[in-house]
Amino acid sequence: MFDRRIIMFFFLIFWLFWIPNVALADKNKENLKGNEECLKCHGAVGLKMEWEGVNISLYVDSGKYRDSMHGTNKCQSCHPGFNSYPHPNVKSRQQFLQEINDRCKNCHDYILKTFKGSVHDRKDVYCFSCHTAHTIFRGTDPRASTYRNNIVKTCSQCHKGNVLKSYQESFHGKAVALGSKTAATCTDCHGKHNIFTKTDSRSLTNPANVPNTCARCHVFPRKNFARGAEHFVKTSTGNGKVVYYTEKFFVWLTISVVTLTLIHIEMELYRRYKKIREQKALEVTGGESYDR
């Protein structure tokens, strides 16, 4: 009797885990089959259209999509109603993009709570602006736009100019560019979905929060961390002048040292050449040579 109960227990556990997995596998299989219909057109390299004066690629890399986090979702999960051709009319491109973006909250509502009110939320930045549309991978996957060594490239789609240049010239920027997995990238200092303006007390870059933000990597939260300037460009004026003149000093110091070394080598070579000629002249006249 006791053994029968144990067997029934394990059978029930097996059944509870096996049934959902089988159901999920069947659903994924059905989704993939449906997606193949879409990819008959959208899997064609170079497929594109012009919409409201903008050239839009309609091509979807089927291999990358299947490997992505959404690879087993049916296309209509994000494009409801687009299961036949011709596709339903959409009033505007803006409406089309907004509707796709709104679909994200169906599964990722927990992110929206953090995202709401952020700078990107108020600027109407779409989820796929950072995460891409059809190539969404885990943040630990080097193919992901949110992989830490790809984040600068992702952010620089919008954040260009001195902000980007100053980061690329910084220690953090150079270390990340050289492949560092620990140096700070944009999201380490500014946050991910919780990016607020510097004057907002919730912002990681708010002066009151900067010591703790820096202390994520630099161990001890020091008050003077908030006094430092970030995103400055090396110029002869402003916050970048110390670095500018320091760099100039070492550049000219290096040039001077190399130049003087070359002059020294040239003079030494000339001295030895002159000495050899004098020795040869003494051998011809039968004289004696001596070192000087």
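Author: The questions below take a few labels in turn.
This is a predicted model, in which local features need pLDDT of at least 70 and side-chain atom pairs count only at pLDDT 80 or more, while totals for chains, interfaces and linings use all residues. Residues are numbered from 1 along each chain as its sequence is written, and side-chain values use heavy atoms, with hydrogens and water left out.

Reader: Why is S68 called buried?

Author: Buried means under 20% relative accessible area, exposed over 50%, and partly exposed in between (1.4 Å probe, protein chains only). S68 has a relative accessible area of 7%, so it is buried.

Reader: What does S68 touch, not counting residues up to four places away in sequence?

Author: Contact means heavy atoms within 4.5 Å. On that count S68 touches H134, T135, I136 and F137.

Reader: What makes the pair of Y65 and S68 a polar contact?

Author: The term requires a pair of N or O atoms within 3.5 Å; within protein, one must be able to donate a hydrogen and the other to accept it, and residues adjacent in sequence count only if both atoms are side-chain atoms. The backbone oxygen of Y65 lies 2.6 Å from a polar atom of the S68 side chain.

Reader: Why does F10 count as exposed?

Author: F10 has 53% relative accessibility, and therefore counts as exposed.

Reader: How many residues of domain 1 and domain 2 are in contact?

Author: Here 17 residues of domain 1 are in contact with 12 residues of domain 2. The domain bounds, 24-89 for domain 1 and 92-231 for domain 2, come from an automatic or database domain assignment. Their centres, taken over C-alpha atoms, are 28 Å apart.
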